[in-house]
Amino acid sequence: MTTLANAQLDADGFLTNAEDWTPELAEEFAREAEIELTDRHWEVIDFCRRDFAEKGTAPTVRRITKVGGIPTKEMYQLFPGGPGILAARISGLPKPKGCI
Amino acid sequence: MKKLLILGAGTAGTMMSAKLRRKLDPEEWSITVVDQDNEHIYQPGLLFIPFGTYRRRDVIKPRSRYIPAGVQLIQTEIERIAPDENQVRLTDGTALDYDFLIIATGSQIVPTETEGMTGPGWFKNTFDFYTLDGAMALYDALDRFKGGRLVLNTVEMPIKCPVAPLEFAFLADWYFTERGMRDKVEIVYATPLDGAFTKPKASAMLGGLMDEKDIQVVPNWNTGEVDGEKRVLSTWDGQEMNYDLLVTVPTNMGSDVVERSEIGDEGNWVATDKHTLQSKVAENIFVIGDATDLPSSKAGSVAHFEGEVLEENLLRAIEGRDLLPEFDGHANCFVETGFGKAVLIDFNYDTEPLPGRFPLPALGPLTLLEESEMNHWGKLAFKWVYWNLLLKGEEIPLAEARMSMAGKWR
Ligand SMILES: Cc1cc2nc3c(=O)[nH]c(=O)nc-3n(C[C@H](O)[C@H](O)[C@H](O)COP(=O)(O)OP(=O)(O)OC[C@H]3O[C@@H](n4cnc5c(N)ncnc54)[C@H](O)[C@@H]3O)c2cc1C
C-alpha cells in the first residue's frame with residue numbers, strides 16, 4: 001500500500017500518480033498540513049477526485065464552490081492558507097495549474 | 001450558400017473575419033459577425049488612460065470600420081448558442097444558422113463576484129481600469145488624490161493581460177514621482193499569486209523591479225470582501241488591509257452567453273483543444289482569444305498567434321482534412337515599467353520567459369526580460385500595429401505563430 005514514506009511525489013510534493021492515492025494517504029497529507037479531516041473535508045476530497053477523473057485537472061476553488069457546492073468561505077476554513085492547493089494535494093491530484 | 005458565423009467583433013473576431021474573407025470563395029460562403037455594440041475599444045490603451053497619456057478618443061473606433069467588405073456585421077446581443085441545431089439566437093429574436101461557428105466573445109470583469117465591491121465605494125474610492133468607464137473615472141480620482149495608501153489588487157486568476165496590474169503599479173510610481181508627491185503615496189500590490197508573477201524567472205525579475213521602485217508586493221492574498229465605507233479590503237480567511245484608493249482587477253469571466261448556452265466551465269470559459277482550437281462542444285465550433293479555457297495567457301498577442309492556426313484548421317475542417325495541432329501557447333507582451341521603459345517577455349506552454357535578445361528585422365533586437373527604451377516604443381507602436389495590421393489579419397513583423405528560441409538565453 002502507498003504511504004507517505006514510499007509514495008512517488010513530484011518536486012512540489014504532489015502525488016505523481018493519482019491512482020496511487022488511498023484514504024490513508026489523504027490522512028497523512030492532512031496531518032502534514034495540520035488539518036484534521038472531518039466529513040465535510042471528505043465531501044471536498046470526493047468531489048475533487050470525481051472531478052479529476054472526469055476532467056483530468058485539479059478543480060479550482062471557484063469550481064469546488066460552484067459545482068461541488070462548498071461555499072468559498074468554508075473552503076478557507078477547512079483548508080486554511082491555500083484551499084485549492086491543499087485540497088488537491090490531500091486528494092492525491094497534481095498541483096493546480098496557476099494560469100497566467 | 002454555406003454560412004460561417006463569428007460571435008464577437010473584438011480583437012479575435014474582427015481579425016478572423018478579415019483572414020477568412022480572403023480565403024473563402026464569396027460565391028460559396030457568407031460570413032456574418034455579431035457584436036452587441038459598435039464601439040471597438042483598444043483595450044491595451046486602457047492602461048494609459050488613468051495617467052492621462054491616452055484619452056477616450058485614442059482607444060475607441062467604430063467596429064464597422066474594421067469589418068471587411070463582403071462580411072455582414074449584425075449589432076445585437078447574442079442570447080444563446082444551440083450546438084445541436086447549428087443555430088445561434090439573438091436577443092431580438094433573430095435565429096442565425098451556421099455551417100461553422102467561431103466563438104470569439106472574449107472575457108469581461110465581473111465586480112459583483114466580490115462581496116461589497118460595487119457597494120458605496122464603487123467609483124468613489126474603488127475603481128477598475130479594465131473598462132473605459134472605469135479607466136476614465138480613475139483618471140479623475142488620481143488627479144484628485146492627495147496622498148495615502150493606493151492598493152492595487154488582482155482578485156483571482158485568470159485575468160486577461162496578467163501583467164497589466166504590474167504595469168499599473170509601475171506607471172503609478174512614475175506618475176506620482178512626476179507630480180512631486182511620490183513620498184506621500186504608499187503603493188501596495190496584493191495578489192493571489194505567490195509572487196509578482198507566475199513564471200519563476202519573470203517573477204524574480206519583475207519582483208526585483210517592484211522592490212527597486214518601493215512598491216510593496218503582498219503575495220497569496222485572496223480577496224473575499226471589500227468594505228467601501230470603511231475602506232478595508234479583506235481576504236476569505238480574515239486578513240484585512242486599509243486603503244485610501246483601491247484599484248481593482250475584479251474577477252474575469254467569459255461572456256454570459258457561454259453560461260446561458262451551458263457550454264462553459266465555472267468561469268464561463270469554453271472547453272477548447274489547446275493545440276487545434278477546435279471546441280470540445282461540437283466539431284464545427286472553434287474558439288479563439290480570451291473565450292477559451294486554454295492554459296495560455298489571455299492577450300491580444302495570443303489571439304494573433306492563434307489566428308494563424310485557426311485559419312488553417314478551419315479550412316481543413318471545411319475540406320474534411322485532419323486538423324493540425326499547431327498552437328503552442330505562444331504569447332508575447334511588452335510590460336511598461338515606467339520612466340519611458342518597458343520589458344518584453346516571450347513565452348509558450350512549455351518555455352517560461354527567458355532573458356536574451358528578440359530578433360527584429362530592420363529595427364534591431366529588442367531586449368528580453370530586461371528594461372529598455374526601445375521596448376517602450378514597441379509598446380506604443382503596438383497601437384498602430386493593432387488597428388492597421390492585427391485587426392486586418394495581416395502579418396506582423398514581430399510575430400510568428402510558433403515561439404522561436406533564437407536569441408534566448410537559457
Ligand atoms: C487594461 C488592459 C490591458 C491590456 N494590455 C494588453 C497588451 O498590452 N497586450 C496584449 O496583447 N493584450 C492586452 N490586453 C488583452 C487584450 O485586449 C485581449 O486579450 C483581447 O482583446 C482579446 O480579444 P478577444 O477577441 O478574445 O476579446 P474582445 O476583444 O474583448 O472581444 C469580445 C467581443 O465579444 C462581444 N460579446 C461578448 N458577449 C457578447 C454577447 N452576448 N452578445 C454580443 N456580443 C458579445 C464583446 O462586445 C466584444 O466586442 C489588455 C487588456 C486590458 C483590459
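A backbone N or O atom of Ala12(B) lies 2.7 Å from an oxygen atom of the ligand, a polar contact in the sense of a pair of N or O atoms within 3.5 Å (within protein, one must be able to donate a hydrogen and the other to accept it, and residues adjacent in sequence count only if both atoms are side-chain atoms). This is a predicted model, in which local features need pLDDT of at least 70 and side-chain atom pairs count only at pLDDT 80 or more, while totals for chains, interfaces and linings use all residues. Residues are numbered from 1 along each chain as its sequence is written, chains are lettered from A and ligands numbered from 1 in the order in which they are written, and side-chain values use heavy atoms, with hydrogens and water left out.

**Ligand surroundings**

- Of the 29 residues around the ligand, those that come nearest are Thr11(B), Ala12(B), Asp35(B), Ile78(B) and Ser255(B), a residue being near if one of its heavy atoms lies within 4 Å.
- Arg63(B) places a polar side-chain atom 3.0 Å from an oxygen atom of the ligand, and a polar side-chain atom of Lys379(B) also lies 3.0 Å from a ligand oxygen atom.
- Ser255(B) sits in the loop between strand 19 (252-254) and helix 6 (256-260) of chain B, where helices (H or I, at least four residues) and strands (E, at least two) are DSSP runs numbered from the N terminus.
- With a relative accessible area of 16%, Ser255(B) is buried; buried means under 20%, exposed over 50% and partly exposed in between, with a 1.4 Å probe and protein chains only.
- Leaving aside neighbours within four places in sequence, Ser255(B) is in contact with Thr105(B), Gly106(B), Gln108(B) and Asn268(B), contact meaning heavy atoms within 4.5 Å.
- Ser255(B) and Gly106(B) are 149 residues apart in sequence, yet their C-alpha atoms are 6.6 Å apart in space.

**Interface of chain B and chain A**

- In this interface, 22 residues of chain B are in contact with 11 residues of chain A.
- About 1500 Å² is buried between the two chains, with carbon and sulfur atoms giving 56% of that area; buried area is the accessible area (1.4 Å probe) that two parts lose on being put together, summed over both.
- Trp236(B), Asp237(B) and Glu266(B) supply 45% of the area that chain B buries against chain A, more than any other three residues.
- The rule finds 4 salt bridges across the interface, each a side-chain nitrogen of Lys or Arg within 4 Å of a carboxyl oxygen of Asp or Glu.
- Glu259(B) forms a salt bridge with Lys66(A), and the closest N and O atoms of this pair are 3.3 Å apart.

**Two further sites in chain B**

- Thr292(B) lies in the loop between strand 20 (285-287) and helix 7 (300-319) of chain B, and it counts as buried because its relative accessibility is 2%.
- The side chain of Thr292(B) reaches the backbone nitrogen of Leu294(B) at 3.2 Å.
- Trp174(B), found in helix 4 (residues 164-178) of chain B, counts as partly exposed at 25% relative accessibility.
- Beyond its neighbours within four places in sequence, Trp174(B) is in contact with Gly338(B), Phe339(B) and Gly340(B).

**Helix 5 of chain A**

- Helix 5 (residues 83-90) of chain A is mostly covered, since 7 of its 8 residues are buried.
- Those buried residues pack against helix 1 (23-32), helix 2 (39-55), helix 3 (61-66) and helix 4 (72-78) of chain A.
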